[in-house]
Amino acid sequence: MDIGLLVTYLLRDALWLMTPLFYAAIGEFIVEKAGVLNLGIEGMMLISAFVAFAIGFLFENPYIALLIGCLAGILVNSLFYILFQLIGVDQSLAGLSITIFGSGVTFFAFRAMIGYSTSASPPVVKNIISDLPLPILSRLPILGFILFDQNPFVYFSFLLLFLFYVAEKSDIGLKIRTIGEDPSIADFIGIDVYKFRLICVIVQGFLSGVAGSMLTISIYNTFLDNITAGLGFIAITMVILGGWNPIRIFYSSFLFGLIYALQFRVQMYGASWLPYQFALSLPYIVTIILLAVFGRKYRPPTSLGKPYKRIR
Amino acid sequence: MIGGKIMWYEKKGILNVFASFLSITIGVAVLIFSFYMCGINVMSAIQTLYFGAIGTYNSISETLLLASILALISYGLTISFTANVWNIGAEGQYMMGAIASTVLSLTFKNLPGYILIPLSLVIGILAGLLWALLPGVLLVKYSVNEVLTTLMMNYIAQYILSWLVTGPLQDRTSLFPESPYIPSQAHLPRIIALYRINYISLILLIALAPLIYIIISKTYFGMSLRILGSSRRVAKYAGLNVEKLIISSLLISGALSGLAGAIEILGIQYRLRPGIVQGYGYTGIVITLVGNMHPYGCLLASIFIASLMNGISQVCQLYQLPIGLTQILQSIFLITFVSVKFLLEYLSTKRIKIYGE
């Protein structure tokens, strides 16, 4: 394969494979701006991935599956909100509980769905959301193929970049940032911390619902145990590496998209001396290295992960 | 407390025990309800569960064996959670312990058992410890969130295991990805030849709980860990060596998880295969939290959850239920425990007026 073509394919695949990561990371970015550290994103993505898979399998309509998958994400995230904000569980603890809950529930539900004695081939979603070339733009020489001959999810992820303006320039962004820096001050100047955090958490539930559903109804067409494989935690890493800024989160997600794309290529044309497990563990190794090197470059929101409770 | 009588739910010890029991009750109720929903005879299902869990000598032995693995992991996690260090990597440390002890006992096949067994256990401990070292160093030197690094280390360990059993360590005579059997003198000595429970598992299960309790509640080290757990800033002001404490809490927890992995190989499986990875690391987290981060609580919770796991697997086999009931049950334990405990704590501190604390 000639190098130019390979690079083109790699870039296209990178943009495609980074999307679930980017959606999840943007969701996490929004809640972290409001001072909430959600470690439950992994479990949430798993649950929406499973729900989208189940609905897509039963009704054979990927759009309904996507919708219900997002609803599941919002529902699980509301549970997270109840745990950490209304009951007052430590945020890390609540998030980890949600993650363990998600993996337990999907492990059971998947087996309950496919039955005790599984057939040789796992169930497959027949209709998936596939590529949608944009009419005129996709005819552009190389860029058209990389940017505009893509999955619909990819186009929407370009749109998410406008969140930069919401975060930095708008009134709502300022209020959310204030909550993230110091909730009691925010409360003092009349910002409803509970309401804004609820909104952020619901938006995150929606976005990570999209990310999880995309795994089962667009990238793969089936469900596996622990299909997210740490993607939620890598998304949290993206927020740290991207320094709580959507544009930089896009860059770092793109880097991981490249790693995933490379990994696919290595598995396809892999050298026999290189075990495929090395390619598979590459994202995790890179995550640790990047966290060690760039983990402290940007300052997190001051009250990130700290409990806040208004006692009336 | 500001004024008023101290209610029963305001005493922390009672509150914790109450939360544990309530969560377990709710979990078991859900279990029985799910038996009912599956349309099987509830009473006979419970009978099967009892026989699978503790009803026969064999099931008692199996339950204690499983409990010893889970308890070792959760004793370690108790120490790191007490120091408020969230070690999610018990799973990976367990795998590395299993890998290291298998490799050692396969390499030195000719050593006598009384040298090989301690050597394999120690190398398992060392492997788990080393696997926890990197997240610890990253946490204190670069303040990288330990949840992220320990979790990533789990996945890396899993791929190392998968590579070893399909590559260098694979048994040439086997069709499955698994290593050859370890030499028979490396098997942990059984108490009764018929049942798999061995001396070392039983001793560690029972003797470590008071030891960990004494370490946490009676020693200087334990007190420092508790101070660190309540507030890192206070620990710094008190002049404690915070870096050393954080790393040592992670290392102890890694070492015990590694030991659990070594025991899984030397006492239960006798060979390395992907099937040893059954989410014990995460079950350990559930046990530690439901056991109130107290060694005796962990001991009870691990025996209870191990017996439930064994019993449920019997029920699932007999009645053709989907496996995975234990996983969902554990998550229900965890969620209900966490919410009940913090709800009670909230109710008990409601009358103190702290604004924005």
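Colleague: At what angle do helix H8 (residues 220–230) of chain B and helix H10 (residues 242–269) of chain B pack, and how far apart are their axes?

Modeller: In this predicted model, H8(B) and H10(B) pack at an angle of about 105°, and their axes are 10 Å apart.

Colleague: Why is H8(B) called roughly perpendicular to H10(B)?

Modeller: Angles of 65 to 115 degrees count as roughly perpendicular, and the value of about 105° falls in that range, so H8(B) is described as roughly perpendicular to H10(B).

Colleague: Which residues make that contact, and how do they divide by class?

Modeller: H8(B) contributes B:Phe221, B:Ser224, B:Leu225 and B:Leu228, while the residues from H10(B) include B:Val242, B:Leu245 and B:Ile252; by class there are seven nonpolar, three polar and no charged residues.

Colleague: What makes helix H3 (residues 57–82) of chain B and helix H12 (residues 295–319) of chain B oblique to each other?

Modeller: Their axes come within 8 Å and cross at roughly 140°; since only angles over 145 count as roughly antiparallel and 65 to 115 as roughly perpendicular, H3(B) and H12(B) are therefore oblique to each other. The crossing in which H3(B) passes H12(B) is right-handed, and its contact has 11 nonpolar, six polar and one charged residues.

Colleague: How do you know that H4(A) is mostly covered?

Modeller: Buried means under 20% relative accessible area, and 17 of the 24 residues of H4(A) are buried. Helix H4 (residues 91–114) of chain A also reaches 34 Å from its first C-alpha to its last, close to the 34 Å expected at 1.5 Å a residue.

Note on methods
Residues are numbered from 1 along each chain as its sequence is written. Chains are lettered from A and ligands numbered from 1 in the order in which they are written. This is a predicted model: local features need pLDDT of at least 70, side-chain atom pairs count only at pLDDT 80 or more; totals for chains, interfaces and linings use all residues. Side-chain values use heavy atoms; hydrogens and water are left out. Helices (H or I, at least four residues) and strands (E, at least two) are DSSP runs, numbered from the N terminus. The expected span of a helix is 1.5 Å times one less than its number of residues. Buried means under 20% relative accessible area, exposed over 50%, partly exposed in between (1.4 Å probe, protein chains only). Axes are lines fitted to C-alpha atoms, for helices over the stretch in contact, and angles run from 0 to 180 degrees between N-to-C directions. Angles under 35 degrees count as roughly parallel, over 145 as roughly antiparallel, 65 to 115 as roughly perpendicular and the rest as oblique. A crossing is left-handed if the near helix is turned anticlockwise from the far one by less than a right angle, and right-handed if clockwise. Ala, Val, Leu, Ile, Met, Phe, Trp, Tyr, Cys and Pro count as nonpolar, Asp, Glu, Lys and Arg as charged, and the others, Gly among them, as polar. Contact means heavy atoms within 4.5 Å.
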